[in-house]
Amino acid sequence: MAALRGLPWFAKVYLTAVIGVACALLGYSVMASDRLGWLGWSNLLVLALLFLVCESVPTLLNVKQAAVSVSFSAALAAVVLVGPEGAALVGMTAVLSVRPGLPLVKRLFNGAQFAICGYTAGWVYESLGGTARLPDIAGFDALIVPFAGAAAVFVPLNFVLIALVLVLTGQADQVPLRGLAQFLVSYLGYATFGLLIAGLWATVNSISAVLVLLPLFVARWAFGQYLAQQRSYDATIAALCQAVETKDYYTRGHCTRVSLASGMIAQEIGMGSERLRAIRYAGMLHDVGKLGVPTKVLQKEGPLTEEEFAAIQLHPMRGLEIVRGIDFLDEAFAGIMHHHERQDGKGYPMGLAGDEIPEFARIIAVADAFDSMTSDRSYRGARPVEVAMTELRKGAGTQFDPEMVTAFIKAVDREGWKAPRKVVAPPADTAETTAKDHDDPTTPIQVVPER
Amino acid sequence: MTTTTASTGAPRALRRLDSGQLLLICVAGLLAVAGIAHTAATGLLSPEIAIGFGALIAAGELARLTMPGNREVAPIGAAAALGYTLLLDMGNVPARHPALQVIAVLAVGMAAGALPHLAVGRPPRLDAMARRLFTGALLALAYRPLAGPLFERAKGPEGDWWPALGVMALLIAAMVLVDVVLAAVLRAEQVRAAFGVAVQDELRMAAPLWAAVAASGILLALASHSMGMAALLVFAAPLLVTQVAFRKYAGIRATYLQTVRALARVTEVGGYVEPGHSHRVSRLAVAIGRELGMAEPELLDLEYAALMHDIGQLSLRDPIPGGATVLTEPAQARRIAELGAEVIRQTGVLDRVAEIVRRQCDTCSETPPPASRVIKAANAYDDLVGGSTDRDRAGAALERLRLGAGKEYDPAVVEAMTSVIDRLASLQRL
């Protein structure tokens with residue numbers, strides 16, 4: 001087994017052990033299979049087929065390695081209908097799953113762990129007084145307690161077996177432990193569907209499984225479509241924002257980096273997932289209004305007149321005007337509108353101070369200034385991350401919200417920050433450069449007051 | 001294409017409906033009245049079952065959602081309605097409610113579910129509701145007379161459920177077909193799509209949703225046999241998952257379109273093109289595309305491409321005066337098209353759109369994709385006419401395009417455009 005090579009020895013031991021135990025169980029099941037009559041075998045076949053179909057089309061969670069599928073429902077229905085031995089056999093068919101690109105070791109392990117889970121759940125089911133046979137219509141209520149026991153064992157056991165292999169092969173940090181609760185709930189949901197399949201088997205046989213699982217498959221298809229659209233959407237919004245930035249040679253990639261940094265701060269202060277998405281979009285779109293600022297103002301050397309500065313100050317409003325038709329959270333709009341406000345009230349466009357400034361805007365302000373300082377500009381080179389951090393700390397309380405600055409520093413200390421590549425000064429006639437950056441707190445724009 | 005007259009209140013809502021919709025609403029209304037009157041006269045049979053299903057229908061109506069293309073659907077309500085219609089027995093007690101009672105429960109449930117929406121100022125799409133009621137009523141009228149005999153065959157330990165299952169599946173398939181055709185007829189009338197294309201579009205949109213709804217509805221009816229009323233609660237679950245997934249999908253689709261529409265406007269804010277140019281070009285292009293019989297996925301690509309057809313100008317040093325690409329030299333226009341396609345290709349997902357944008361300047365002899373031809377013509381028209389509603393100006397622009405037909409512009413596109421613009425003009429005269 002070539003795929004085993006390169007794994008640490010304890011991982012090999014674990015994999016071999018799991019597969020070995022499963023083989024032993026399987027051998028025992030086949031020997032003891034005289035318990036299954038002809039009816040049992042035909043049901044077993046249908047269930048195995050069902051399980052295989054479910055197992056072959058899993059949804060991918062965030063982790064590429066651990067795929068979750070509705071095959072649980074089929075496996076648990078097998079516990080009721082054909083007992084522990086049957087459930088183990090049904091689980092073992094995961095080896096044959098037709099997912100392309102799955103290495104043999106993974107197949108074997110998957111089959112083995114399903115077989116073990118199935119057998120254990122079946123054993124629990126029978127210990128709690130359930131009998132493995134076709135439930136009759138009146139006996140539905142008697143099924144519930146043993147089945148709940150079986151599901152309560154199957155789900156965590158499955159999770160532990162998979163989590164262990166991820167830990168041992170060093171992929172554990174990719175398992176989203178935050179989503180664990182949601183994970184278990186959806187597993188238990190699938191378990192309920194298993195009960196329904198088993199309960200209806202007496203009425204319409206295997207059709208019950210089709211009827212229960214069809215809506216789920218459709219749901220999963222729709223969810224897949226949703227994820228595809230989501231990815232496509234994120235790529236599109238990034239590409240369009242970058243197109244807006246091509247105007248200024250030096251600020252390329254600014255929007256994606258501000259989006260990233262805003263997301264880091266938001267995560268650090270514990271924002272929920274919907275708001276997190278919203279602030280990423282707000283960070284991405286915060287400067288779209290800059291296109292409305294005449295290029296000659298941005299390219300002008302030396303101080304600006306008040307009128308010219310007013311043109312710059314207008315860009316958050318312009319940006320808001322552009323994106324207002326999009327169905328974002330209102331907070332995202334507030335973030336775009338007020339990302340140049342300052343804690344001391346000297347910012348623009350409205351001169352809000354302290355807590356009057358929306359939370360999103362306070363976050364974007366920090367991310368915006370930080371990226372500006374750590375990127376090259378035509379009038380200076382990029383500053384190192386530490387220097388930029390010192391500047392942020394210096395500005396905390398006057399320009400920035402201290403809470404957000406602290407959160408950002410913490411996040412960068414932990415995750416690091418990938419500063420943009422060095423920008424090679426472009427030949428003067430091929431690209432546009434600007435002489436000033438309105439985001440840069442270390443070089444504020446000079447304004448000549450008009451008499 | 002609907003008129004956007006500035007009148008308010010009920011008359012406006014009515015004016016937006018065309019004759020087909022009105023007819024459907026009237027028929028559905030009559031059915032509802034007949035059902036309720038009959039039930040009121042003869043009394044409600046097994047009221048607790050009716051109330052249970054009615055409540056689920058109301059909940060489903062409350063949780064209705066809008067799918068891409070402004071299609072209102074209520075999957076949970078539809079499944080509950082199916083379940084109530086198909087019900088053979090409840091815990092081995094035969095269900096004897098007549099078709100008219102089903103219609104009454106449906107109507108009352110839907111009305112109850114629509115009320116909270118109405119209270120917060122989101123009136124229901126009357127035509128969509130009427131269609132749901134109408135198809136539900138058709139199924140009830142066809143199936144309820146058969147329910148008794150079917151249960152006779154199925155009941156008892158030796159019972160045979162297969163005939164019941166077969167009849168259910170057959171009738172539901174017929175109902176879905178009626179629903180799809182009805183939706184296509186209404187849509188064809190409303191947006192002037194070709195009927196065949198509209199049927200395909202509706203089928204594509206409806207197939208997955210109806211598969212889930214039909215399965216749940218049948219399940220609901222069958223499970224009531226062994227589980228009693230508890231089935232109502234449990235079987236909402238798989239469908240709830242489906243509903244959530246579809247809602248998310250519909251949400252992102254809507255946001256996507258809004259975002260492209262919004263960001264296409266940066267060219268206007270930057271002074272590269274006339275205000276409203278991208279929006280007008282995309283509306284005209286989609287109308288022409290529909291006239292040419294494009295299906296919905298193609299129309300979506302066309303709309304995106306039309307919205308972003310000038311995005312390449314962002315890479316230019318200075319805005320072209322007025323941004324009128326029909327008056328710029330061809331080399332320059334081609335460069336803008338290339339740059340724009342490059343920007344769109346960066347997304348990594350909109351390759352077809354990028355290709356449409358890249359070839360928007362091609363002449364007929366270069367055989368560009370149909371969508372590019374549409375954009376070329378729509379763009380040229382808007383560059384010449386702009387936001388003006390002057391008929392002479394529109395006529396002159398059309399004349400100029402017609403002169404270029406066969407060489408610069410695709411004759412079929414110019415012809416389609418002529419009829420679209422004529423129709424718009426006649427609407428404006430009203």
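How many residues of chain B are in contact with chain A, and how many residues of chain A do they meet? In this predicted model, 49 residues of chain B are in contact with 47 residues of chain A. Let's start there and then work through the rest.

**Where the chains meet**

On the chain B side, H8, H9 and H10 each supply at least two of the residues that touch chain A. H9(B) gives the most, with 21 residues. Sort the side of chain B that touches chain A by class, and you get 32 nonpolar, 12 polar and 5 charged residues.

Now hop over to chain A and look for helix H12, residues 315–323. H12(A) is mostly covered, with 7 of its 9 residues buried. The buried ones are A:His315, A:Pro316, A:Arg318, A:Gly319, A:Leu320, A:Ile322 and A:Val323. What do they pack against? Within chain A, the partners are helix H9 (273–285), helix H11 (306–313) and helix H13 (330–337). From chain B, H9 and helix H10 (266–269) join in.

**Two domains in chain B**

The domain assignment of chain B gives domain 1 (9–253) and domain 2 (264–429). Taken over C-alpha atoms, their centres are 42 Å apart. As for touching each other, 8 residues of domain 1 of chain B are in contact with 5 residues of domain 2 of chain B. Helix H8 (residues 195–227) of chain B contributes the largest share of the domain 1 side, 3 residues. By class, that domain 1 side has 4 nonpolar, 2 polar and 2 charged residues.

**A covered helix in chain B**

Chain B has its own helix H12, covering residues 296–307. Its 12 residues reach 16 Å from first C-alpha to last, close to the 16 Å expected at 1.5 Å a residue. Is H12(B) mostly covered or mostly uncovered? Mostly covered: 10 of its 12 residues are buried. Among them are B:Glu296, B:Asp301 and B:Glu303, along with B:Leu299, B:Leu300 and B:Tyr304. The buried residues of H12(B) pack against H8, helix H9 (230–263), helix H11 (277–291), helix H14 (351–358) and helix H15 (370–385) of chain B.

Most residues other than glycine have a negative phi, and most peptide bonds are trans.

| Residue | Phi | Loop in chain B |
|---|---|---|
| B:Ser46 | about 35 degrees | between helix H2 (19–42) and helix H3 (47–62) |
| B:Asn70 | about 60 degrees | between strand E1 (65–67) and strand E2 (71–73) |

How do these two sit in terms of exposure? B:Ser46 counts as partly exposed because it has 16 C-beta neighbours inside 10 Å, a count between the cut-offs of 12 or fewer for exposed and 20 or more for buried. B:Asn70 has 12 C-beta neighbours inside 10 Å, so it counts as exposed.

Chain A has a peptide bond to look at too. Which two residues of chain A does a cis peptide bond join? They are A:Tyr348 and A:Pro349, and omega there is about 5 degrees. You'll find A:Pro349 in the loop between H13 and helix H14 (359–373) of chain A.

Conventions: Residues are numbered from 1 along each chain as its sequence is written. Chains are lettered from A and ligands numbered from 1 in the order in which they are written. This is a predicted model: local features need pLDDT of at least 70, side-chain atom pairs count only at pLDDT 80 or more; totals for chains, interfaces and linings use all residues. Domain bounds come from an automatic or database domain assignment. Two residues are in contact if their C-beta atoms, placed from the backbone, lie within 7 Å. Helices (H or I, at least four residues) and strands (E, at least two) are DSSP runs, numbered from the N terminus. Ala, Val, Leu, Ile, Met, Phe, Trp, Tyr, Cys and Pro count as nonpolar, Asp, Glu, Lys and Arg as charged, and the others, Gly among them, as polar. The expected span of a helix is 1.5 Å times one less than its number of residues.
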